[in-house]
Amino acid sequence: MGGLTEAELWKLAAQPAIFAIAMLAFLKASWRVRLIAAAVGAAAGLAIGLVALWAQRSGAPWWLGWAFAAPLIALAGWRWIFRARGAVR
C-alpha cells in the first residue's frame with residue numbers, strides 16, 4: 001500500500017476543514033470555545049476521513065456506510081417522534 005494520491009489527499013483534507021469552519025461560523029459561544037470546538041471537530045473529521053479511506057482501500061462495498069448510518073438515523077427519528085409527542089423515555 002503506497003502513499004496518498006492527490007485525490008485522496010483532497011478528500012481527506014476537506015472533511016476536517018468543513019467541520020472546523022462550521023464550528024467557527026455557527027456555534028454561538030465565545031471565541032475560545034469556538035476555537036476548541038473547531039479543533040475537536042477537525043480532529044473528528046480527520047478520523048472519519050481516515051476510516052473512510054481505509055474502508056475504501058480495503059474494498060468495502062459502497063453501501064456499507066449507509067448500512068451503518070441507517071440505524072443511527074432511525075434512532076434519531078424515533079427519539080424525535082417521542083419527544084414531539086411528549087412521551088418520556
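Trainee: In which helix does Ala52 lie, and is Ala52 buried, partly exposed or exposed?
Mentor: In this predicted model, Ala52 belongs to helix H2. Its relative accessible area is 45%.

Trainee: What distance separates the C-alpha atoms of Ala52 and Leu12?
Mentor: Ala52 and Leu12 are 40 residues apart along the chain. The separation of their C-alpha atoms is 8.9 Å.

Trainee: Which residues of H2 are buried, and which helix is among what covers them?
Mentor: The buried residues of H2 are Arg34, Ala37, Ala38, Gly41, Gly45, Gly49 and Leu53. Residues three or four places apart on an α-helix point the same way, because there are 3.6 residues a turn. What covers the buried residues of H2 includes residues 6–26, helix H1.

Trainee: How far does H2 reach from its first C-alpha to its last, and which residue with positive phi follows?
Mentor: H2 covers residues 31–57, which is 27 residues. At 1.5 Å a residue, 39 Å is expected, and the reach is close to that, at 38 Å. The residue with positive phi, near 90 degrees, that follows H2 is Gly59.

Trainee: Is Ile73 buried or exposed, and what is the accessible area of its surface patch?
Mentor: Ile73 is found in helix H3, residues 64–85. Its relative accessible area is 53%, so Ile73 is exposed. With Trp62, Trp63, Leu64 and Trp66, Ile73 forms a nonpolar surface patch whose accessible area together is about 690 Å².

Key. Residues numbered from 1 in each chain as written. Predicted model: local features only at pLDDT ≥ 70, side-chain atom pairs only at ≥ 80, totals over all residues. Heavy atoms only, no water. Patch = residues over 30% accessible without salt bridge, like charges linked within 9 Å, V, L, I, M, F, W, Y side chains within 5 Å. Areas by Shrake-Rupley, 256 points an atom, 1.4 Å probe, with all protein chains shown as cover. Salt bridge = Lys/Arg side-chain N within 4 Å of Asp/Glu carboxyl O. Helix = DSSP H or I, 4+ residues; strand = E, 2+ residues; numbered from the N terminus. Buried < 20%, exposed > 50% of the residue type's maximum accessible area, 1.4 Å probe, protein only. Expected span 1.5 Å × (residues − 1). Contact = heavy atoms within 4.5 Å.
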